[in-house]
Amino acid sequence: MERIIFYILALIIIFFAIASVSSKKMLRSVVYLLFVLCGISGLYFLIDYNFLAAIQLTVYAGGVIVLLIFSVMLVHHIEMELELAKVSKRILIAVASLLGLGVFLTTIYSYEFIVVENSITTTTEDIGFGLLSYEAGGFILPFEVISILLLASMIGAIIIAKGTKITNKNNDSL
Amino acid sequence: MIAGISIYEILTVTSILFFIGVYGFITRKNLISILMSVELILNASVINFVVINKYLYPDMLQGVFFSIFIIAVAAAETALAIAIIINLYRQIASVEVKDTEIMKY
């Protein structure tokens, strides 16, 4: 059963990823990316890591995709076709990518992974204790740094996207 | 771990996803499309972290934490990149890579 679900998910992920990087319509490409991200979250559900699957659905499928769709709608006309690279260039890059993939796969398949048979579910409780533990191996410092980073990037994004300041002086000159 | 699926199959899928992302990153001419390809690459690496943790060291949690941190950094990066793209569009009315030569404010 898990085998069939895994192969279906893998097919969905790869097919829609290819569609997403080769589609000519911008908005469709974003929606294909949404399918890829949902498939990846299904993979996390399958691997018994429900917390990350929920994060994937909320942050990526909920947040990033909406942000991308908004920016596409603000920037493009919906029916506008994207400019693609030249065919010769695309073929060259595809061959180079396949070459790199071959190197990766030969490396992976020639290495003997020592797999530990288990069926441990990662609970949210374990993750919370690990993230907030300040003993050896705890992750409290990166956790705090990430929260500062998110705050800083939020302020930065607001300031950058706001653009020039509209004051009374600017209004007079318009 | 997933019953009946070896680690090799999952690593194959993530490698393919990674190189699709690389292909899109190089061939696309549009800033938003390039950002989407970067998302694909980051997602492939997150799956790798989780899978290697779950298959090889199931009683550890390091890969799990790193996957959360990668997602947080990727979300911050996307928000900033889209802010920059929208601001750029306001100034030069284009998001094509070849038109992007001013980054001065």
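**Exercise 1. Determine in which helix B:Ile47 is found, and whether B:Ile47 is buried or exposed.**

Solution. Step 1: B:Ile47 is found in helix 2 of chain B, where helices are DSSP runs of H or I with at least four residues, strands are runs of E with at least two, and both are numbered from the N terminus. This is a predicted model, in which local features need pLDDT of at least 70, side-chain atom pairs count only at pLDDT 80 or more, and totals for chains, interfaces and linings use all residues. Residues are numbered from 1 along each chain as its sequence is written, while chains are lettered from A and ligands numbered from 1 in the order in which they are written.

Step 2: B:Ile47 has 24 other C-beta atoms within 10 Å and is therefore buried (buried: 20 or more other C-beta atoms within 10 Å; exposed: 12 or fewer; partly exposed: in between; C-beta atoms are placed from the backbone).

Step 3: Leaving aside residues up to four places away in sequence, B:Ile47 touches A:Ile40, A:Leu43 and B:Thr14 (contact: C-beta atoms, placed from the backbone, within 7 Å). The C-alpha atoms of B:Ile47 and B:Ser67 are separated by 7.9 Å, although the two residues are 20 residues apart along the chain.

**Exercise 2. Describe how helix 3 of chain A and helix 2 of chain B are arranged.**

Solution. Step 1: The axes of helix 3 (residues 50–75) of chain A and helix 2 (residues 31–56) of chain B come within 12 Å and cross at roughly 175°. Axes are lines fitted to C-alpha atoms, for helices over the stretch in contact, and angles run from 0 to 180 degrees between N-to-C directions.

Step 2: Helix 3 of chain A and helix 2 of chain B are therefore roughly antiparallel (angles over 145 degrees; under 35 is roughly parallel, 65 to 115 roughly perpendicular, and the rest oblique).

Step 3: The residues that meet are A:Leu52, A:Val64, A:Leu68, A:Ser71 and A:Val72 from chain A, and B:Ile32, B:Met36, B:Glu39 and B:Val50 from chain B.

**Exercise 3. State how many helices chain A has and how many of its residues are in contact with chain B.**

Solution. Step 1: Chain A has 7 helices and 0 strands. Along its principal axes, the C-alpha trace of chain A spans about 70 × 55 × 30 Å.

Step 2: Of its 174 residues, 20% count as buried.

Step 3: In chain A, 69 residues are in contact with 59 residues of chain B. Helix 3 of chain A gives the largest share of this side, 11 residues.

Terms used: Two residues are in contact if their C-beta atoms, placed from the backbone, lie within 7 Å.
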